[in-house]
Amino acid sequence: MKQMLFSVVAGLALSLGTSAAHAGSDAVVVEDAWARASIGTSRPGAAYMEIRNRGEEAVTLTGLATDLAEMPEIHRTSTDDQGVSSMAPAGDIAIAPEATVTLEPGGLHVMLMRLQRPMMEGESFSLTLVFSDGGEMKVEVPIRSISARGPED
Amino acid sequence: MRRRKFLGYAGAVTAAGGLTLLAGWWRVDGPGAPTPPGTRPLPLTKMEFKLTDHEGQTVGPETLIGKPTLAFFGFTFCPDVCPTTLSDISGWLDALGEDAERLNVVFITVDPERDTVEIMEDYVAYFHPAIRGWTGSADQIARAAEGFRATYERVPTDNGYTMNHTASVFLFDAAGDFVSTIDYHEPREFAVPKIRRAMKEETTEAT
């Protein structure tokens with residue numbers, strides 16, 4: 001799964017870096033972004049991606065913005081040794097130089113709360129990642145089926 | 001050696017010793033390795049609850065006797081684990097092909113407040129057609145979870161509430177005896193043989 005994710009260097013991910021003043025977050029690349037379709041707007045949506053820091057400085061992802069959801073946040077699902085899963089906001093995400101943070105089912109994920117419109121399979125939405133150095137990155141996230149398990153299965 | 005010593009004591013102690021050994025075997029070597037001892041689900045024949053499936057039919061543990069069963073708990077407002085589990089199970093069922101028809105597959109909600117029969121009907125339609133959605137009163141859901149030794153808990157959030165819950169899939173044979181669990185996100189190479197084993201027990205007993 002992981003290898004597949006790595007090997008597929010998606011043409012899906014767009015990285016629109018901001019100004020050259022933000023060297024740290026400018027070195028961030030997002031790959032294999034995808035989201036699951038929602039049923040209506042009452043349930044939260046989820047999105048996944050790989051965030052890779054190709055720079056020599058650590059970067060910290062501090063927030064998200066999208067017109068799709070009023071409250072986009074990164075959450076972490078964890079499953080304990082009794083098999084009980086729970087979910088909680090993950091807070092700031094630090095990405096070391098040359099490191100990749102993977103948002104995938106059952107782990108870190110973008111939680112899209114208070115959806116403003118249904119997430120329809122085949123459409124996409126833009127999500128802005130906000131970094132602690134003031135840099136922002138806009139990612140176009142394709143919406144896959146509600147039963148999708150990865151960016152392209 | 002230890003066992004022999006126990007035999008010298010009263011019957012109750014012997015039984016306790018036997019149970020300890022059984023629990024130890026189960027935990028270390030047994031098919032229930034991921035399941036902590038003492039938290040094994042009851043046989044379906046020992047459970048008692050009454051729920052409603054996504055087509056409005058009254059169902060209970062007795063509904064599941066006669067075919068091997070995959071059962072798991074979740075809720076439809078869960079954005080990450082539950083659709084992933086449902087997709088994983090759909091994939092296992094696809095891998096089983098026509099044999100999937102010889103299984104009961106049941107998704108029991110831990111959030112009956114939001115997961116009405118209509119919501120469950122809407123939701124399960126997105127996954128493999130063999131998957132049934134069960135809901136009911138909070139009290140009956142609690143009785144079901146108790147039988148399966150599953151846990152769940154309502155957790156308030158900024159945006160309402162979410163549910164922590166047991167994410168494993170429980171496997172039972174056709175007679176309703178617990179066979180094993182499939183852990184959350186367990187790879188298909190492990191999951192499908194476990195299901196086949198539960199189905200084989202059915203065949204063995206039938207012949």
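In the predicted model, B:His165 is in contact (heavy atoms within 4.5 Å) with A:Gly83, A:Val84 and A:Ser85 of the partner chain, and, leaving aside its neighbours within four places in sequence, with B:Phe73, B:Gly74, B:Phe75, B:Cys78, B:Val81, B:Cys82, B:Val110, B:Thr151 and B:Tyr152. B:His165 lies in strand 7 (residues 160–166) of chain B, strands being DSSP runs of E of at least two residues and helices runs of H or I of at least four. At 2% relative accessibility, B:His165 counts as buried (under 20% relative accessible area, 1.4 Å probe, protein chains only). B:Cys82, in helix 3 (residues 81–96) of chain B, is likewise buried, at 3%.

According to the unreviewed UniProt entry, the annotation "binding site" covers B:Cys78, B:Cys82 and B:His165; such annotations may be inferred rather than shown by experiment. The three residues span 88 residues in sequence, yet no two of their C-alpha atoms are more than 10.4 Å apart, so they gather at one spot.

Between chains B and A, 30 residues of chain B are in contact with 30 residues of chain A. The count of residue pairs in polar contact is 12 (both at pLDDT 80 or more), a polar contact being a pair of N or O atoms within 3.5 Å, one able to donate a hydrogen and the other to accept it, with residues adjacent in sequence counted only if both atoms are side-chain atoms. Helix 3 of chain B gives the most to the side of chain B that touches chain A, with six residues.

Residues are numbered from 1 along each chain as its sequence is written, and chains are lettered from A in the order in which they are written. Local features need pLDDT of at least 70, side-chain atom pairs count only at pLDDT 80 or more, and totals for chains, interfaces and linings use all residues, while side-chain values use heavy atoms, with hydrogens and water left out.

Methods
Buried < 20%, exposed > 50% of the residue type's maximum accessible area, 1.4 Å probe, protein only.
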